[in-house]
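Open the model in your viewer and keep the sequence panel beside it. This tour tells you what to select at each stop.

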Amino acid sequence: MTPAAQEAPSTRPYLVRALHEWCSDNGFSPYIAVQVDGSVQVPMEFVKNGEIVLNVSFDATTSLRLGNDFIEFKARFGGVARDIVVPIDHVIAIYARENGQGMAFPAPAVAGATAPVGSAAPRPSEASSGEASERGGLHVVPSDSKAEAPEHNPDEPPPPGAPPRSGRRPQLRRVK
């Protein structure tokens, strides 16, 4: 690897901004999944299993700044305005709420054996030595994938152009 390639900045902030713009331009609500630890400033009462999902649409935020090092904005949680600061390397996915299309990123390296804030113990995949580096990360399954499954399968994404399903939100799936 050349010295210039080793010092190149991460592509993550550029991809996050591009997908945020794509969501906004197409009328979708961009959501980010964030791995929470001590460096993330979010309302801890909404953190589950060391992660939080945040709506980063222009309608849901004020003073949104998608920088190279941090995502910063103000948002209301339970009617209370909060300042949110997320290090860009803690963003583990960005996707459109309406159809689940987006991109996942590797989770930040876990320092030592400490558990993320908001979780009582390390996840099973992180508990054994060596598995954390092999587990991969979140992968978003595009809604236009042609999986061979029955049409009535509720876990199968709808075909492109189909009306959105009511009552269910798109979900990210962990693929190991």
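Show the surface of the whole chain. Its accessible area comes to about 11,000 Å², and 53% of that belongs to carbon and sulfur atoms. Accessible areas here follow the Shrake-Rupley method with a 1.4 Å probe; for residues, only the protein chains shown count as cover.

This is a predicted model: local features need pLDDT of at least 70 and side-chain atom pairs count only at pLDDT 80 or more, while totals for chains, interfaces and linings use all residues. Residues are numbered from 1 along each chain as its sequence is written, and side-chain values use heavy atoms, with hydrogens and water left out.

Now switch to cartoon. You have four helices and nine strands, in the order α-α-β-β-β-β-β-β-β-α-α-β-β along the sequence. Helices (H or I, at least four residues) and strands (E, at least two) are DSSP runs, numbered from the N terminus.

Colour by burial. Of the 176 residues in the chain, 32% are buried. Buried means under 20% relative accessible area, exposed means over 50%, and partly exposed is in between.

**The core**

Select Ile32, Val42, Leu54, Ile71, Phe73, Val86 and Val91. They have the most contacts inside the largest nonpolar core, which has 23 residues. Such a core is a set of buried Ala, Val, Leu, Ile, Met, Phe, Trp, Tyr and Cys residues joined through side-chain atoms within 4.5 Å. Elements giving two or more residues to this core include helix H2 (12-25), strand E2 (51-55) and strand E5 (80-87). Strand E4 gives the largest share, four residues.

Stay on Phe73. Not counting residues up to four places away in sequence, its partners include Leu54, Leu64, Arg82 and Ile84.

**The aromatic pairs**

How many aromatic pairs does the structure hold? There are three. Rings of Phe, Tyr and Trp (its six-membered ring) pair if their centres lie within 6.5 Å; planes under 30 degrees apart count as stacked, over 60 as edge-to-face and the rest as tilted.

Select Trp22 and Phe28. This pair is tilted, 5.4 Å centre to centre with 45 degrees between the planes. Trp22 counts as partly exposed because its relative accessibility is 30%. Phe28 is partly exposed too, at 24%.

Move to Tyr31 and Tyr95. They also form a tilted pair, 6.1 Å centre to centre with 45 degrees between the planes. Tyr31 is in strand E1 (residues 30-35) and Tyr95 in strand E6 (residues 91-96), 64 residues apart, so the pair links distant parts of the chain. Are these two tyrosines buried or exposed? Both Tyr31 and Tyr95 are buried.

Return to Trp22, in helix H2. Its C-alpha is 9.9 Å from that of Tyr95, 73 residues apart along the chain. Beyond four places in sequence, Trp22 is in contact with Phe28, Ala96, Asn99 and Gln101.

Click Ser29, in the loop between H2 and E1. Ser29 counts as buried because its relative accessible area is 14%. Outside four places in sequence, Ser29 is in contact with Tyr95, Ala96, Arg97 and Glu98.

Technical notes:
Buried < 20%, exposed > 50% of the residue type's maximum accessible area, 1.4 Å probe, protein only. Contact = heavy atoms within 4.5 Å.
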